[in-house]
Amino acid sequence: MPNFIMSYLGSTLTPGQAGNQFWALIYVLIIFAGVSVAVIAMNWIERKALAHFQIRLGPMRVGPHGLLQPFADALKLMLKEDIIPSEADQFVFWVAPLIGLLAAFTVYTVIPFGPSQAVSDMNIGILFMLGVSSLGVLGIVVAGWASNSHYPLIGALRSSAQMVSYEVAMGLAVVSAIVMTSLNSTGTGTLSMIGIVQAQQQQGVWFIFKFFPLGFIAFGIFAIAMVAETNRAPFDMAEAESELTAGYHTEYSGLRWSLFMLAEYAAMIAVSSIAVTLWLGGWMRPFPNLLHAPAWDFIFSLFPGLTFGALAAIALLGTVRMPSHSFFKIQRVGLAVFAGLLGLIALLLLVIAVAGRSADSSLAARFNDGIGYVYWFVLKVSVFMYLFIWYRATWPRYRFDQLMKIGWKVMLPISLGVLVVTAIVGVIF
Amino acid sequence: MNSALSAGAPVATPFFFYMLSGLAVIGGILVITRRNAVHSALALIVTLLSVAGLYLMLYAPFVAGVQIIVYAGGIMVLFLFVIMLVNIERASKDRRFNRIWPIGLVAACTLMGLFVSAFVKGRALFPDRGMPLSEGSNTQEIAKALYGEVNRAGQYTFGQYTFAFEIASLLLLVAILGAVIMTKKKI
Amino acid sequence: MNDRLDPMSNLDLDAPDTYLDSNELIINMGPQHPATHGVLRVILKLDGEKVLGTECVIGYLHRGVEKIAENRTYTMFNPYVDRMDYVAAVSNGLGYCEAVEKLLNVEAPARAKYIRVILTELNRIASHQLWLGTHALDIGAMTPLFYTFRDREEILKIFEKYCGARLTTHAFRIGGCQYETYAGFEKDVKNFLTFVAPKIDEYETLLTTNRIWLERTKNVGIISAADAIALGVTGPVLRASGVKWDLRKAQPYAAYADFDFEIPIGENGDTYDRYLVRMAEMRQSLRIIEQAVNGIPEGPIMGKVPKVIKPPVGEIYHSIEAPKGELGYFIVSDGSTQPYRIRVRPPSFVNLQALDIMVRGLLVADVIAVIGTLDIVLGEVDR
Amino acid sequence: MAEDVKTPAPPPPPEGEKKPTAEKTAEAAPAVADAKPAAPVKPAAAAKPAAPAKPAGPVPLPWTSPLVEKYKAQYGSALEALTYLGQNYFAVDRSLIPNLLRLLRDEEEFDYCVDITAVHYPKREKQFDVIWILYSFPRNERVRVKTQIADGASIPSSVSIWATANWLEREVYDMFGIQFDGHPDLKRILLPDGWKGHPLRKDYGILQQDQEWVQINLGIESGQ
């Protein structure tokens, strides 16, 4: 049995490449749980951050600083009556959220959290990701139709038109990044997600800075298109609550509705992961080539622990700042426990960092590397997650025709131009 | 145990093959028997995805990816898009098999005959005939070399089969123009 | 006059379906819809997302205010008017009290008039803030809503301190004001002035030059000056179309003749101009309040009105510039203590009529924007 | 009653001066000044039906101005121009209605129809007053036009003159049951279609409801 485990830990391949079904399964489970937790965390962070943008406090009652609010919400949603409109198409209504959810979660099989920290490394990784994430629109379209109601139908039409249009610009931006991967001695690029990050490592530059400003423009196109692709503000036409009440999920309630939300947030994380992988160096820490001395490795490996330590300190500060009224007693204890938990994690990570440094190529070192990869990847993705919230707090909503105009008349020509220029520049240099 | 796990060989190949084929066939039957056009479209998506799975099993991930992105993701969304705007109530009351069904039957039979004859007579045409499908990495390597790699697919498309590729795109252009002319009164 | 202004001319509900034509969709927006500001129901006829015609169905909030008036005394009816345009209750009260005073042929003392002006202008700012927040929310910007509500709170606090109520204030009485200003009223108002001026700049920072805001509001819901006049549209909507008309200037009432302020007008009559006009109006209101609070005279706050209000036989029409437009009261007296008939000329009701011409040919999203920019309050539309 | 008598109701001359200043109506001022010497002989029976004129209260005075002269000459006794508390109005015969309104808009620039409303006098033979409140932007002047019609009689619609009359007339129809001929879409506006009765008529009780409609459409016994 330990051999089972060690067989993978000693390998530099992903479980899928190694044909290691056991570890593949473990990874699937970890990713499923991780994404669910991330969505829950994202829910809380979005509500809190949005509230603070808007001079509110956000959830404060359920748990200290509303930390348990997402769980309360989840419980509420699960216990809610599951309403299926009598005029709805029962089967399709039932299956629609599952389609969206499946598409959103299937994408994670190829997301590389590290050089071997992925379920599988397909040689068509990015193609697979774009393809499967584009299946998510099926769920939306079908949900809108099955509700047999005008607003969901219009929402579904809008979102499908929107996603199909933005996929074009998005795809072209992705292609220009893939063209960059082919700038090596053999002249062949790769579609593999891991291969793309490794190409950035070899060329010693994140693709966002490659052929500046070409990479940057392509990244910008992608960053805009991915907001449209996930139906988020300011492109949240499909669920524009002031126009279409709630768009395609107007008729949904309870658990089914929460599946849509889960799918939406999972899709947000997925597209952010694509952006990070393609342009921001994926799992790589900053300056891996410039600052490559073991001392730098050690310093950067301290970051995960320090981050958790900082979070623990913030939580501790919250404990101290809590009013000294008996009403807050439980909350104070809860927050203190939470801070302690974060502190323990921080401590553990720091211990691993130190241990990983002292004993090279040992299990601890492997762990240390893996934590580092996942940490930097997640950190980059969370920047995008924060941007999603920031956009939502700042901007009004585009109108549908304006959205299409931007998609077809602005983004598409620019991404096409960037692709052509990137190819030419790549050939010349 | 350990060796089997690390060999990279597919697991339970026959099971997945029959499952995917079965799904494809059931989906295909549902496509033509459902009264509701949206149900038909969903069944078609199942078929297309099953076929994509079969491609994956044939070590042709690129074809599988393209199958998903183009057919299941792109074309089917447009299908649904159109179907949703058509008056379903009226369409579901129409006769499902219209008067030209004998022609369709003849066409289907001809196609069936073609397949059978190709299977019976043209076995020699398949290069890997007689190779074990499930065991050994040899198949995998050959198949990968032939169809799997993206760069090979690209070389075929823009090398050997450029003309066919361009003809196909011309066909699409004609179809687009036809659709525009049919729907737009004033151009 | 012409088919263009006839709401139903384009709305052929019985047109036959034609094959391969894009489907025409009849959508029922409201009465329960987040963006109709209450219980407005708009039947939209759409070609895809393009609006071919609209029909407003109103009356869901009809409470028969005019009928109630005939069965109450003049004094008893006073609180009812607050419930019409409940976000500008003070304006409603001002119009009603002045109309009855006119019928009684008495005048409120100068101090009462100044207090009335201060409170009414504060209420105008509050009403515009509420409009801005909800309008921005309709267009998809969430954040201004919370900013405007935060600042509107300060106004409501002043109201609460003055008369004990925040929303339906019933601040004025026929003949003047019931309450003398509380100690520190002037200080509160002055503090508010210095507090809110930078806040209005803050709203503008969020929206005025925001690209998406410009795209969503410019050239959306245009109404020409001629159409606006023909449709009886008043208030900021009329001024944004370029008609420089404000009852406070044209036929000054209360103490408005004493104050120096400008009438902001727009050029294009689109949603953006209406936004700018209302923003400018808030600043002008600040100017008026500043002058009023600095020049507030001493003296009585109640005019010489009888205890039982019993106007002579006759009829009167009096109107004021409410935040939404011309708010008029047509009162017929038969010499008894109860009004024989009170007709309220509600600005929201008349302005809402312009919705159809403003949204025709636009998209569904613009309908929301235009409903928001008309600044209707259903309590007043339906009365 | 006692308080009412004590009311220091100003006599007509000062009131005549005060009101125009309050209104700031340049044109109206000379008109009312002219009206002053004329004795208030006419108590305007048309406008005030049942109630006797108060001795202390102001009474409607004849209103003279070039505008009035012009229409007096045109229509003679079918038109009566009066002013009350500084507010001018025409009391006209029903037959004048579409033409006079159109002339007021076209010739006198009363381009803004502020309001259309009605008053019900059940004891009178012609039960309804229909009132148009007009305003002129160029003249900054208000005028009211009122006419009397009998119950069940109809009156020409003014939608073709002012587009805003559309909803205003619908409301009058809804509340009083007055028919407007030529209205493009005369149906109820505030009350639901199919409601019986017109609530602003004096014979419609304040608690009265269309119970049948309530029972059928709301599924409840009573809306009270």
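In chain D, residues 24 or more positions apart account for 49% of the contacts with a separation of 6 or more. Two residues are in contact if their C-beta atoms, placed from the backbone, lie within 7 Å. The model is predicted: local features need pLDDT of at least 70, side-chain atom pairs count only at pLDDT 80 or more, and totals for chains, interfaces and linings use all residues. Residues are numbered from 1 along each chain as its sequence is written, while chains are lettered from A and ligands numbered from 1 in the order in which they are written.

Start with the make-up of chain D. It has 7 helices and 8 strands. These are DSSP runs numbered from the N terminus: helices are H or I with at least four residues, strands E with at least two. Chain D has 224 residues, and 42% of them count as buried. Buried means that 20 or more other C-beta atoms, placed from the backbone, lie within 10 Å of the residue's own; exposed means 12 or fewer, and partly exposed is in between.

Now the sheet. In chain D, 6 strands form an open sheet with mixed pairing, in the order 1-2-3-6-5-4. Its edge strands are strand 1 (61–62) and strand 4 (112–120) of chain D, each pairing on one side only. Two strands pair if DSSP finds at least two bridges between them. Strand 1 of chain D runs antiparallel to strand 2 (residues 79–84) of chain D, and 2 bridges join them. Across from D:Leu61 stands D:Thr83 of strand 2 of chain D.

Helix 6 (residues 165–176) of chain D lies across strand 4 and strand 5 (128–136) of chain D. It runs at about 5° to strand 4 of chain D. Such angles run from 0 to 180 degrees between N-to-C directions, with axes fitted to C-alpha atoms, for helices over the stretch in contact.

Strand 6 of chain C is joined to strand 7 (residues 325–333) of chain C by 9 bridges. C:Gly314 faces C:Ser333 in strand 7 of chain C.

Chain B is built from helices: 9 of them, with 0 strands. Of its 187 residues, 18% count as buried.

One core brings chain D back in. A nonpolar core is a set of buried Ala, Val, Leu, Ile, Met, Phe, Trp, Tyr and Cys residues joined through C-beta atoms within 7 Å. The largest has 332 residues, and D:Leu134 is among those with the most contacts inside it, along with A:Val142, A:Ala225 and A:Ala266. Helix 7 (residues 150–181) of chain A gives the largest share of this core, 17 residues. A:Val142 touches A:Val92, A:Ala96, A:Ile99, B:Leu42 and B:Leu80, leaving aside residues up to four places away in sequence.
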